[in-house]
Amino acid sequence: MQEPLDAARSVCAVVTGIQDVVTATGLNRSSLYATFGGKQELYRAALRRYMDQRSRPAFRSLAEDERGLRAVAEFFDGLIEALCAGEHARWGCLVSNAHAGAENSDSEIRALLDQHHQELRDAMHAALVTAEAQGRLAAGTDPGAAAELLALLAYGVNLRSRAGADAGALHATVAAALQSLSNRTVV
């Protein structure tokens, strides 16, 4: 059997009833309530786990990569590939789905989403500072503002992929954005 939290993470963004979570995990309601306290707490746990296991490793890799804009391009390539192909195609990202959903009205979830955004922005900023130090960032580009732009682009890629956007079109959009920040060809 799939680990219960993994199964819950897989269904939390798409189902609203606790019975759906019970069915997907194979656990009974009392076990879920005893462990998490309720559906909202389970959702928060799933969101934290997603951030720890999916988002943070990708952000860390991007921030530590010494290739600047090329690292950003590869970050987006991986994102588009994950969202547009394979078993998770058109699912979107748990974090982006939470930004767009009613669950973001919960103050603890809102804090997690804000934290995620800051970490994404910081990783983009680190890559842009590297590009600037290498002389590859277009003159006059503010790495902070450009990092915010790229973070918002990542959320847009997530949402558009969920709507079935073509991977080629998403790649072209990312390439145009990165080209506008660069003083040379990125890809």
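Predicted model: local features only at pLDDT ≥ 70, side-chain atom pairs only at ≥ 80, totals over all residues.
Are the two partners buried or exposed? Arg44 is buried, with a relative accessible area of 9%. Glu108 counts as partly exposed, at 43% relative accessibility. Side chains of opposite charge can pair when their charged atoms come close.

Arg44 has another partner to meet. Glu41 also forms a salt bridge with Arg44, and here the closest N and O atoms are 3.9 Å apart. This time both residues lie in helix 4, 3 residues apart, which is about one turn of the helix. Glu41 is partly exposed, with a relative accessible area of 33%.

## How helix 4 and helix 7 pack

How are helix 4 and helix 7 arranged? They pack at an angle of about 5°, and their axes are 10 Å apart. Angles under 35 degrees count as roughly parallel, so helix 4 is roughly parallel to helix 7.

Which residues make this contact? From helix 4 they include Tyr43, Arg44, Leu47, Met51, Phe59 and Leu62. From helix 7 they include Glu108, Ile109, Leu112, Leu120, Ala123 and Met124. Sorted by class, the contact has 14 nonpolar, 4 polar and 5 charged residues.

## The nonpolar core

Some residues of that contact turn up again here. The largest nonpolar core has 43 residues, and those with the most contacts inside it are Leu47, Phe76, Met124, Leu150 and Val157. The elements giving two or more residues to this core are helix 4 (39-64), helix 5 (69-84), helix 6 (94-100), helix 7 (107-133), helix 8 (143-162) and helix 9 (167-181). In soluble globular proteins, nonpolar side chains tend to be buried together.

What does Met124 touch, leaving aside neighbours within four places in sequence? It is in contact with Leu62, Val72, Phe75, Phe76, Ala147, Leu150 and Ala151.

## A closer look at Ala146

Next, find Ala146, which has its place in helix 8. Ala146 counts as buried because its relative accessibility is 4%, and buried means under 20%.

Not counting residues up to four places away in sequence, Ala146 touches Leu128, Thr141 and Leu181.

How many salt bridges does the structure hold? There are 12. One of them joins the side chains of Asp114 and Arg110, with 3.5 Å from N to O. These two residues are 4 residues apart in helix 7, so about one helical turn separates them. Asp114 counts as partly exposed at 43% relative accessibility, and Arg110 counts as partly exposed at 28%.

Salt bridges can also be linked through shared partners: Asp65, Arg67, Arg70, Glu74 and Asp77 are joined into one network in this way.

Methods
Residues numbered from 1 in each chain as written. Heavy atoms only, no water. Core = buried A, V, L, I, M, F, W, Y, C linked by side-chain atoms within 4.5 Å. Buried < 20%, exposed > 50% of the residue type's maximum accessible area, 1.4 Å probe, protein only. Contact = heavy atoms within 4.5 Å. Axes fitted to C-alpha atoms, helices over the stretch in contact; angles between N-to-C directions. Parallel < 35°, antiparallel > 145°, perpendicular 65-115°, else oblique. Nonpolar A, V, L, I, M, F, W, Y, C, P; charged D, E, K, R; others polar. Salt bridge = Lys/Arg side-chain N within 4 Å of Asp/Glu carboxyl O.
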